[in-house]
Amino acid sequence: MAVESMQRTSAAAERHDQNQYLTFMLGRETFAVGILSIKEILEYEAPTDVPMMPPFVRGIVNLRGAVVPVIDLSVRFGRAGNPTTKKTCIVIVETCTPEGSQVFGVLVDAVNEVLEIAGTDIEAPPNFGTTVRTDFIKGMGKVRDRFVIILDVDAALSVEDMAALTSATILQ
Amino acid sequence: MMPTDSVFVAALPILAKQIENARQQSEDAILALSTRFRGLVTRLDGAMAASEKGSGDGGRDLGNAMADGRTQLLTVIDALMAIRDSRAALITEIRSLNAFTAELADMGKEVEMIAFKTNMLALNAAIEAAHASGDVGRGFAVVANEVRQLSVASRTTGKCIVAKIEVITTALNSIVGANEQAVLKEAAAVKASETRIGNVLASFGGMTEKLLASAQEFRGEGEEIKNEVMESMVQLQFQDRVGQILSHVVERIADLGARGAASGGEAADERDGAADQYLADMAESYTTEEQRRIHLGGPAAEVAPQAAEFF
């Protein structure tokens, strides 16, 4: 009985973790990323510039000895980059693709909170009307009667995709 | 035809009476005139004495009042200046407060900054908790959430502090501004008051001097008039001499008449013709009623002074 209860609790906890998201601001829109994809949040400090990088790569940061590229999500989404403020943060994200895992720093205008969005509160992404490519969107989460865009970081930060974009940029 | 003794005898007493009457009248008139002149002199003396006393004391009183007024008005100006000075002191105090509010605003911002960092810490803790498995992770998540709540609370407080300080700063600035305006206006008012008080005192001073001068002039004129009147009174003493001379003439004429009457007793019968004729001529030539009355032997008195008839 007690063991069963423990197991159930543990399973619930697993699901509980799965449903946790970090919300952050990009421009005037609120985005969310599953918390298990996130390693940590850093206060903003200017990344080291690297030449010959596409515009959405702002440079690299040293994360405890590891070199981590910093992606400007706004630029990645085809918008103008926002100026940095004292609220600007770098969110360290780990993507998991068949090619292996990759760590990125993501530049966001501000981080909001860690919250839980139940699976029932997540709608399918709309086919039109969003300002972000639909294949980057995992779903629309309902939070306090408003929708946040739940990002598919694996897609948004797909190395292949970005590499293609980079070579296209270089070719230009 | 030469007048006879009888004519003299009849006419002389009448002439003597006429002269005596004239003498008496002029003596009376001159006496009355002298009395009036004396009265005039006395009254002039009184008036001048009053003026002397009035303008002397009054001038002194006025001077004292002016000095007193000047002192009191200057006290008012001093009070105004004191108010202005205390206002300036107030401004200085408020300015020093401004420095504190600036510091407080910085502190409020620091609180916000600390809240921001705490929030970051809480979020990182939440992420760590999510990665940790099982009960450890859950407990950690609870702590992380509590820390986050604290950070939210402190950020709200920090924002409140900053907002309130902004309100205070605005209020203080407007107070300082209003006060500075007031100080400028007061300075202008004090200056204007000083000028006006000066003008008023100066014009009062001028008026006082004019008053004193005119009183002085009046006294001078009065003195001269008094002297003139007194000299006139001296000159009126001619009446005494003229009176004596006329009295003597009247006496002599009466004597002549008496002598004529004594020596011409026997010629009394001749009197009727020539004397009556002469007396009639005399009576004819009189111009006043009293002459006629005296001629007929009546009293000269009770002559009502006729209303002056100017030809």
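Here are legends for a few close-up views of this predicted model. Residues count from 1 along each chain as its sequence is written, and chains are lettered from A in the order in which they are written. Local features need pLDDT of at least 70, side-chain atom pairs count only at pLDDT 80 or more, and totals for chains and interfaces use all residues, while hydrogens and water are left out of side-chain values.

**View 1. Where chain A meets chain B.** Here 20 residues of chain A touch 15 of chain B, with contact meaning heavy atoms within 4.5 Å. Together the chains bury about 1600 Å², 60% of it from carbon and sulfur atoms; that is accessible area (1.4 Å probe) lost on being put together, summed over both parts. Look for Ile41(A), Glu43(A) and Lys86(A), which supply 29% of what chain A buries against chain B, more than any other three residues.

**View 2. A salt bridge across the interface.** Glu113(A) pairs up with Arg148(B) in a salt bridge, their closest N and O atoms 3.3 Å apart. The two chains share 2 salt bridges, each a Lys or Arg side-chain nitrogen within 4 Å of an Asp or Glu carboxyl oxygen.

View 3. Strands S4 (residues 57-63) and S5 (residues 66-72) of chain A run antiparallel, joined by 6 bridges. Strands are DSSP runs (E, at least two residues), numbered from the N terminus, and two of them pair if DSSP finds at least two bridges between them. Val61(A) has Val68(A) in S5(A) as its bridge partner. The hairpin leaves 2 residues between S4(A) and S5(A), and Arg64(A) in the turn has a positive phi of about 50°.

Definitions and conventions. Buried area is the accessible area (1.4 Å probe) that two parts lose on being put together, summed over both. Helices (H or I, at least four residues) and strands (E, at least two) are DSSP runs, numbered from the N terminus.
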